[in-house]
Amino acid sequence: FNQAGFISGASIQSYLLEKSRVCDQAENERNYHIFYQLLAGSSSDERKALSLEHAENYRYLNKSGCYTIPGVDDTKEFKDTKSAMTIIGITPEEQNAIFRSIAAILHLGNLPFEQPAQVEGCNLNDKKLLNTIAGLLSVDAMQLENALIKPRIQAGRDLIATHLNAEKASSSRDALVKALYGRLFLWLVRKINSILCQERKAFFIGVLDISGFEIFKVNSFEQLCINYTNEKLQQFFNHHMFKLEQEEYMREQINWTFIDFGLDSQATIELIDARQPAGILAMLDEQTVFPSATDDTFVQKLHGLFGKGKNPKYEEPRFSKNTFGVTHYAGQVMYDVTSWLEKNRDPLQPDLELTMRDSKDTFVSRLFVESAPAAAAAPPPSARGRSESVSTRAAPIKKGANFVTVGAQYKEQLANLMGILESTNPHFVRCILPNNKQVPARLEDPVVLDQLRCNG
C-alpha cells in the first residue's frame, strides 16, 4: 500500500517447495495440478508437438492411483491458467517454453534404465524417448544420455567418467526433474513479482498460507520441516494470543497470576534446530558433508545424542532401525530417515547441469544459469523497490565452502519469516477440514477432532 492507502503492488515469497512430490505422491494424492491440466486441456496439435499421452501412461502420475478431483475440470483450469499467464505478462513464447519443460518432466520419468546381468553400469536403449526429451529441452541427445548414465566426477584436478547402475541413474534423473521443476516454479514467482511489485511500499498486509501439522503413514524430511514451522508458529500464536488476553485481565484489574505460555514448544524447537549441542537439523548438516555418512549413521548419531531418555521429546524405537520420534505440540510423529542426506544435499550431477546450461533454448539455459538459492524467495515487501528483471543472471552455485544445505536454507527462511511476523500485528485463521472426501455439507467428527488436537 502507498502513503495514500491504495494498493500499489504485491510480492510473493516461496518457502520449501515440495519438489519430491513431482516424482512421488502418497496414495490417492495427485501430483501438481499443472501436469493434469496440460494433458486434459491442450489441443490435439499441442499434444502432438509435446508427444503427450494419457496421464495413466506416465510413471510420475500413475503411482498414486489418483488422476482427477471431484468437481474440478482440468480442461477449464488449463484455460484459466493460460489466461492468467497472459494477463500477468508471460509471453506466448514463455508459455510454450514452460509447457515444453512440463512435458519433458513427464517423459523423463518414463526413461527406462536397463541393467544388464553381471554388468555394473546400465544402458538407455529407448533412443526415441531420449530424442523426444532432448528436443523438448533443446539439448544434445548424446550429451544428455552421457550425463544421465555416464556422468563425470571430480577427482582431484581430473574429471573421471563413471557408469551408473540403474538405481543410481534413476536417482540422478529424479534429481534433474526436481531441479527443473523447482527452478521453473521460482522463475514463475520472480516473473509475477517483476510485474506486481512496482512501487516501494509504505504499509503492507502479508498473508501466510502454510500446510498444517502433518502426520502420515510415512513421514519424511519435508514433514519435519513443515512440523518444525508449525511448532514455531504455534509458539508465536500462544505467546501473542495469551499475552494479549492476560494484558486485558490486568487492565480490568482481574485477580490473575500471570502464566507464560510462550515457551511451551521450546524444548521441541531446540531438539530440532539447536546448534550447540547439535539438534536434528545441525546433525543432518554435519552428516551431509561427510563422504562416508549414510542415513543409518545419521539416525544412529541421533539415537546416541537423544535416545534412551536423554531427551524427553525424542523417541528411539525398539525395533525400527531407520526411524526416530519427536513429540510435537500436536502429538508424537515417527520420522523415516530414508534418503534424508540426499534430500538435504539436493544434488544435481554437474554434467546434467552443464547439459541444461548448454540448451539452445534460452529459457531452459537461464533456469540453470541463475543461482537457485538466491532465487528461492523474493525479498520481503519492506526491502523492495522496483523489482529486478526476471532474466537477470546471477552467479552459478558453488560447491565446497559455499555449499548450503536444504535444511540450512529453510532455517534461514524461517528465521526471516518469524522476524517479519514479530514486527507486525498478526491475525490468525484456523482452517478445519470437515471431511477427507472433498464433499460439501458433510461433517465427520473424528476428522475434525484430529485437527483440533493438532491445533494444540
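The questions below take up helix packing, strand pairing and a salt bridge in turn.

Analyst: This is a predicted model, in which local features need pLDDT of at least 70 and side-chain atom pairs count only at pLDDT 80 or more, while totals for chains, interfaces and linings use all residues. Residues are numbered from 1 along each chain as its sequence is written, and side-chain values use heavy atoms, with hydrogens and water left out.

User: Is helix H5 roughly parallel or antiparallel to helix H8?

Analyst: Helices and strands here are DSSP runs numbered from the N terminus, with at least four residues of H or I for a helix and at least two of E for a strand. Helix H5 (residues 92-109) packs against helix H8 (residues 166-196) with the axes 10 Å apart and at an angle of about 160 degrees, where axes are lines fitted to C-alpha atoms, for helices over the stretch in contact, and angles run from 0 to 180 degrees between N-to-C directions. Because angles over 145 degrees count as roughly antiparallel, the relation of H5 to H8 is roughly antiparallel.

User: Which residues of H8 make the contact with H5?

Analyst: Contact means heavy atoms within 4.5 Å. From H5 the contact draws on Glu94, Ile98, Ser101, Ile102, Ile105, Leu108 and Gly109, and from H8 on Arg173, Leu176, Val177, Leu180, Tyr181, Leu184, Trp187 and Lys191.

User: Which strands stand at the edges of the open sheet of 3 strands?

Analyst: The order in this open sheet is S5-S6-S7, with antiparallel pairing, and two strands pair if DSSP finds at least two bridges between them. Each edge strand has a single partner strand, so one side of each is left without a neighbour in the sheet, and these strands are S5 (314-315) and S7 (331-336).

User: What is the bridge partner of glycine 325 in S7?

Analyst: Strand S6 (residues 323-328) is joined to S7 by 6 bridges, the two running antiparallel. In S7, the partner of glycine 325 is methionine 334.

User: Which residue meets lysine 63 in a salt bridge?

Analyst: A salt bridge is a side-chain nitrogen of Lys or Arg within 4 Å of a carboxyl oxygen of Asp or Glu, and the structure holds 19 of them. In one of these, the side chain of lysine 63 has an N to O distance of 2.7 Å to its partner, aspartate 24. Lysine 63 lies in the loop between helix H3 (59-62) and helix H4 (74-88), and its partner in the segment before helix H1 (33-41), so parts 39 residues apart in sequence are tied together through aspartate 24.

Notes:
Parallel < 35°, antiparallel > 145°, perpendicular 65-115°, else oblique.
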